[in-house]
Structure formats: C-alpha cells, structure tokens
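Morning, everyone. I have one structure to walk you through today. Please take a look at it first.

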Amino acid sequence: MWLPVFGLIIGLVLGYLTDIRIPPDYTNYLSIAVLAALDTLFGGMRAHLQGTFEDKVFITGFFFNILLAGGLSFLGVQLGIDLYLAAIFAFGVRLFNNIAVIRRLVMDKWTNARKNQ
Amino acid sequence: MKASGKYLFYSFILLITGFFLSFSYQLAKTEKTSNRISEEWKKEDSLRSQILDVQKTNKQLSNELKVIQQKVQDKEENVANEEKNSAGLVKELKQLRMIVGEVKVKGEGIEVTLSDSSYIPDGENPNNYIVHEEHIREVINELLVSGAEAVAVNGQRINHNSYISCIGPVVSVDGNQYPAPFVISAIGNKDTLEKSLNLYIANVLASEGIDVSISKKDEIRMEPLLAEKENEIEG
C-alpha cells in the first residue's frame with residue numbers, strides 16, 4: 001500500500017527538481033497531460049469504490065487517455081484549430097462527474113456505517 | 001507477486017502524475033519570474049535607449065555649440081581687426097591733421113627772421129632793400145623742401161591753400177596783414193633746416209639787402225589754422 005504513495009512523492013520531487021525549459025507552444029500538451037492523469041486517477045478511485053475496478057483498464061486508460069489527448073491537441077495545432085480545448089472540456093466534465101460520484105459513494109458508505117452502528 | 005506487480009504499476013502511474021503536477025507548478029512559477037525578469041529587462045532596455053537618445057542629442061547640441069563658438073570667435077576677431085584698423089586710421093588722421101594744420105603742434109625747429117635792411121645807401125631804390133613776399137615764399141618753399149613738417153609766418157600756420165601776397169607796404173598771409181619783420185617758424189629737424197637755408201637762400205637774401213637771422217629752437221608751438229581763422233573773423 002505504501003509503494004504508490006512513495007511513487008507519488010518521488011514523482012513530485014522529480015518534477016520539482018527537473019529544470020527542463022519547454023517551449024511555450026508545448027504548455028498546452030502539458031496541461032492536457034495533467035488533466036488526463038487526474039481524470040484517470042479519479043476514474044480509478046470511483047471504479048474502486050463501485051467495485052468495478054480492473055487494473056488493466058486503469059493502466060491502459062491512463063496511457064491511452066494521455067496519448068489521445070496529446071494526439072488531439074497535436075492535430076489541432078496542425079489544423080490551426082484549438083482542439084485541445086475539446087480534450088480539456090471532456091476531461092474536465094469527466095473529472096467533475098467522477099468526483100461527484102466519489103462524493104456520493106463516500107457519503108453513502110458513511111451514512112450506512114452510522115446506521116449500522 | 002501479482003499484487004506487488006499491480007502496486008508497482010500504480011506507483012508508476014502516480015509517479016508520472018506527480019511528475020506532471022509538480023513540473024507544471026514549477027514551470028508556471030519560473031514562467032512568472034521569467035516574465036518579471038523580461039519586464040525588468042525591457043524597462044532597462046528602454047531606459048538605456050533613452051540614455052542613448054539623450055547622449056545623442058547632447059552630442060548634437062555640443063556640436064552646434066562648437067559651431068556657434070567658432071562663429072563668435074570669428075566675429076570677435078573681425079571686431080578686433082576693425083578696431084585695430086580704426087585705431088590706425090585715427091592715428092593717420094591725427095598726423096594728417098597735423099600736416100594740414102587743423103591741430104596744435106609743437107616740436108623742435110628753427111625760426112627765420114627776415115627784416116628790412118637797416119642801411120639804405122643814398123641814391124638807391126629802397127624797394128630793393130625791403131622784404132618782399134617772394135622772399136617769404138622762397139624761404140617757405142626751401143623749408144618745405146628740406147622736410148619742414150609745419151610752417152608758420154608770424155605765428156600763422158601755412159597750409160597747402162595758403163597764399164602770400166604783397167599789398168603795398170605790408171604782406172598779406174591768407175588775408176591777414178603783417179608788416180616787416182617777418183618771423184617764419186618751421187617745425188622739423190632743426191639742424192637739417194638750418195643747413196639747407198644756409199646752403200643757398202640765406203646768401204641770396206643777404207645779397208638782396210635783407211637781414212636774415214636764423215635761430216634754432218628746441219620747442220616751437222603752433223596754433224591750429226582754425227583758431228586763426230576765428231581770429232580773422234573776429235578781426
């Protein structure tokens with residue numbers, strides 16, 4: 001259980017210490033990657049709470065979402081259309097949905113636990 | 001084994017997520033600072049360009065100043081030259097006035113006194129023994145030729161317009177009448193003037209029965225022509 005937490009901490013430290021300058025054109029990709037990662041994480045949490053969690057879906061979803069979002073915004077840049085906004089929109093909506101579902105599940109669990117008491 | 005492999009994947013995913021999060025956080029922060037830095041840089045740049053502009057205008061103005069100073073110097077030089085010229089002119093004018101007789105002059109010179117002969121032999125024409133105007137003229141001409149700078153007859157200045165004529169017993173100099181004896185004074189080198197008179201004229205005059213006496217003077221003063229003319233008007 002402690003290993004993923006340890007990985008998160010290492011990732012944070014690495015990201016903070018990394019001193020790579022990326023061109024301003026690519027900050028869009030970064031924001032989409034962040035969104036995709038968060039979305040997958042919260043999706044995984046929801047799935048876990050709902051009891052439908054599958055690690056293969058989670059792992060492939062994580063990478064596939066990031067790649068898809070990156071590819072979409074790349075296409076948008078090539079076509080001159082802000083397609084990355086679509087990715088941001090989709091991920092944002094899903095993020096809110098997931099968090100809402102998680103909240104409801106947690107609340108249900110909590111109230112059930114109180115009733116049982 | 002399976003469980004730990006699953007956790008390994010989770011930790012890897014979380015690592016990547018954490019990396020993205022903190023990386024974008026750090027990036028945003030550095031971007032902000034870099035923005036600030038670039039703003040400061042821009043400010044500095046504009047200030048520097050302002051300084052350059054000011055220096056340029058300064059240079060231009062100092063060049064103009066130089067040109068103007070040069071002009072002023074030229075004008076001053078011109079003025080100085082003109083002053084020098086006018087000073088020279090004034091000096092020349094003074095000298096010319098001295099020669100023409102418009103100002104008072106003084107200096108060394110000689111005085112020649114021509115008087116009628118004191119002895120007239122019997123039976124001789126006394127006309128041959130008195131001073132005539134041509135004698136005066138001869139003396140004056142001789143004096144002028146010998147370098148006299150100013151000549152006067154009985155104290156009256158002679159200039160280039162003067163006339164000397166005979167009016168019976170007296171001689172008129174510019175309308176003023178004088179009887180004998182006549183004192184002709186001349187300013188110039190006294191030795192030269194005396195020698196030149198003694199060379200020829202004195203003998204001629206003496207042979208014509210006129211008493212000639214020449215005396216050297218260290219200082220002779222002569223009144224200007226104008227004052228005498230006033231006197232003339234008064235007279």
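A word on the source. This is a predicted model, where local features need pLDDT of at least 70, side-chain atom pairs count only at pLDDT 80 or more, and totals for chains, interfaces and linings use all residues. Residues are numbered from 1 along each chain as its sequence is written, and chains are lettered from A and ligands numbered from 1 in the order in which they are written.

Chain B first. It has five helices and eight strands. Here helices (H or I, at least four residues) and strands (E, at least two) are DSSP runs, numbered from the N terminus. Along the sequence, the pattern reads α-β-α-β-β-β-β-β-β-α-α-β-α. Of the 235 residues of chain B, 21% are buried. Buried means that 20 or more other C-beta atoms lie within 10 Å of the residue's own, with C-beta atoms placed from the backbone.

Now the sheet. Three strands of chain B form an open sheet in the order β4-β5-β6, paired antiparallel. Strands pair if DSSP finds at least two bridges between them. Which strands stand at the edges? They are β4 (164–167) and β6 (176–178) of chain B; each has a single partner strand, so one side of each has no neighbour in the sheet. Neighbouring strands are turned by 30° against each other on average, direction ignored. Helix α2 (residues 133–145) of chain B packs on this sheet and touches β4 and β5 of chain B. Its direction makes about 165° with that of β4(B). Axes are lines fitted to C-alpha atoms, for helices over the stretch in contact, and angles run from 0 to 180 degrees between N-to-C directions.

Back to β4(B). Four bridges join it to β5 (residues 170–173) of chain B. In one pair, Ile164(B) has Val173(B) as its bridge partner.

Next, the cores. A nonpolar core is a set of buried Ala, Val, Leu, Ile, Met, Phe, Trp, Tyr and Cys residues joined through C-beta atoms within 7 Å. The largest has 27 residues. Leu114(B) and Ile136(B) are among those with the most contacts inside it. A second, separate core of 23 residues includes Phe58(A) and Leu14(B).

Last, the two chains together. 20 residues of chain B are in contact with 21 residues of chain A. Contact means C-beta atoms, placed from the backbone, within 7 Å.

Key. Contact = placed C-beta atoms within 7 Å. Buried ≥ 20, exposed ≤ 12 C-beta atoms within 10 Å, placed from the backbone.
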